[in-house]
Amino acid sequence: MIEIACPHCQKHYRLEDRYAGKRAKCAGCGLIMSINAPQSAPLSVPSAPVSPAVPTSRTAPVSMPRPAAASIPVAELVPPASVATRPPVPRQPPAMPTSHGTTGHADATAETLRGTTSHLQYEISQRPDFSIVKILMPQGAKVFAEPSAMVSMTPSMHLEAGFKGGLGKTFGRLLGGESLIINTFTAQDGPGEVMFAGGAAGDVAYHRLNGNTLYLQRGAYMLNSEDVEVSGKWQGAKGFFSGEGLVLLKATGTGDIFFNSYGAIIPIDVTEGFMVDTGYIVAFEESLQYRVTVLPGLRTAGKIKSFFFGGEGLVCQFAGSGRVWIQTRQVKSFLSWVNGFRPTKSN
Amino acid sequence: MQHQLLAQPAMSIAKLTMQAGESVTCEVGAMIAMTSGFTVETTSRNKGGKGGLAKGLKRMFAGENFFLNHFTATGPNQTLMIGPGLLGDIMHYPLAGGTLIVQGSSWLASAVGIEIDATWQGLGKALFSGEGMFWVKCSGQGDLFLNSFGSIYPVEVNGEYIVDTGHIVAFEDTLQFRIGKAGKSLIGSILGGEGLVCKFSGQGKLYCQSHNPPSFGKLLGPKLKAR
Amino acid sequence: MQTEIRDRPSFANIRVLLAPGDEIIAEADAMASMSSSIEMKTQWSGGFVKGVLKRLFGGESMFVNTFSTATGGELVLTQPFPGDIQCIELKGNTMFLQPGAFIACEPGVKLGLGWAGFRMLIAREGLFRLKVSGTGRIWFGAYGGIFQREIDSEYIVDSGHLVAYEPTVSIRIALAGGIFSSFFSGEGLVTRVNGPGRIYMQSRSFDGLAAWTNSHLY
């Protein structure tokens, strides 16, 4: 016998096993729901279709979509072509950088990234500028995500707001008056699908932790699978400034973490000295040594008022070896620009 | 100086590879990352060009504080990554003696040897003061980097062409231009949202951007916390 | 008339090649640049659409521009924010659109402002929805990338991420979770859509951008 509850009105039903895999309409609220087998189903795509439909002749779009970049060796990457008649603005093909001290990757492509992990399946599309990530999970699995990050989900998903890991860990993230609520999404009534995206334009990156640690800029955190612990890092320990400066989170464990950026993400493998303005740091590996200082030229220019909405020209100097993910835009500049368009209190 | 444009076309940054003695000037907020070894000088002056003083550069930066960074490499193959404040693209324009008129917010960086004059008022100061728009005349020899809000598309003007003023990135000074109304009636132009447009004529190249920042700002602004 | 949507999905814009006799109607201030041989006429949208066309984001745009030409010319149309643009060809069918998503259409398309009811107001999608019908192409855009989904059962979409949908899709407002969770999760109210039918979603929302910006401001 199968025992299920309607995901919407919680009305309980007991059904014979032969109804497994079928869909039925709830007598209480009219919701169409899937009836799952009594044992937990293997990870599979839930009943709602997940792929974008091929346009029918009835409402044929007439646009010319951007061709997806093919998978090509990094050394020969060319800029992703947009529509065929690209204006003839002189461009350089991005070859593998050979500069002193760093190696890096060239342009993000428009290709959809897919993967399967021991916890979930993911698909990152609308890349690289408005990336959105789709998570597919088996029944009973959970992911933990930033508030307001959910774009859509199947009715089999159950959302719970709250504090993961008990209050102690949560207060570890309370910095500058910001509270950090972590939402738990559970595939309660069957396999589930959830789509997540950030608030601003930018990309989403996936990183697998295998018992190691990743440092993330606070605004970059999006979601993680089970078996990953995300906690605040006190600014006293390493000299990072809170408030408008860099607020770091620490992710440790064996599982999946997704982070987003404002702007494109460029991963850089640091082998020698490398300096990044703090506003552009997304994440970096624990193996790197880092130190925050003021941009060298500013010391000689004397006392300077802040240029940006709170930014002071702080840079982070990296040493050792490891990967740092940088973003190609920073929030401070956007805030400075948009400041002029804000309503004034006197109005 | 070698350059490479990354993350095009909407989140573009320029990666500059420089040799000992080479120098580039950009506004302070433009630096993203660099390898160690650069000499960084932060001043309110423009280096190079004629006279050494940046003309009218104060206008280029909103607010009272304006500072430029001069980055000079001290060794071989040192890299510097720069980017603009808003989303959009970057264009490299090799100046070779001619003159390019650039919209103020579209100037990103230039090599020493390019003269920047931000006092140029050919398009009429009064018409743009409300939008905070101004123009920078760039002349000389060397690498010039421009940024756009949106994608950049060039127009080979041969006759007449009309651009909404917020959509101009840069144009060659061989072109003639006048400010006009978009539609047949002035009222219609203003109410229709287009307001004033720039009519280019003659022969020369014009660079336009697909989007304009004030339209975006005016839509987003009212939804934000008051200041 | 030849049209092409360029630079999708980041800064999509429409390049239009008009021949004598062609006409295209566009939102006020959608024009980025055009040949001087193109004529622009401004009309009160009340005379053109059934009901009044309002742009609900902030400020009202009661006007549309009609572009035509005697000798042929080129026109570039855009939207105020970065994002994607899609085109749908209507052949007597109907679609519902977020009013702020409208950019341009051919003359055979009828635009009507429909009352989406209080249910839609709560979901922050405003009181109105744009009903497009008739014959011809319509261009719409959004902040974010636009993608489609065919639904044949219930699906949950965060308000602000739904750009357009077919009339066969039913819309219902619901809490994202229990009462406590809906409030504290930041998700609030969601839209429960039910098929069969096609919905168009956007990978960002303008309200989400405002909220993100506000979270950095004091």
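How many bridges join strand S12 of chain B to S4(C), and how do the two strands run? Three bridges join S12 (residues 152–164) of chain B to S4(C), and the two run antiparallel. Within this pairing, B:Ile162 stands opposite C:Met34 of S4(C). Strands (E, at least two residues) and helices (H or I, at least four) are DSSP runs, numbered from the N terminus; two strands pair if DSSP finds at least two bridges between them.

The model is predicted: local features need pLDDT of at least 70 and side-chain atom pairs count only at pLDDT 80 or more, while totals for chains, interfaces and linings use all residues. Residues are numbered from 1 along each chain as its sequence is written, and chains are lettered from A and ligands numbered from 1 in the order in which they are written.

The contact between chains C and B takes 29 residues from chain C and 30 residues from chain B, where two residues are in contact if their C-beta atoms, placed from the backbone, lie within 7 Å. On the side of chain C that touches chain B, two or more residues each come from strands S4 (31–35), S5 (38–44) and S6 (63–69) and from helix H4 (206–216). S4(C) gives the largest share, five residues.

A further pairing spans chains A and B. Seven strands form an open antiparallel sheet in the order S21(A)-S22(A)-S19(A)-S4(B)-S7(B)-S2(B)-S1(B). Its edge strands, S21 (289–294) of chain A and S1 (2–6) of chain B, each pair on one side only.
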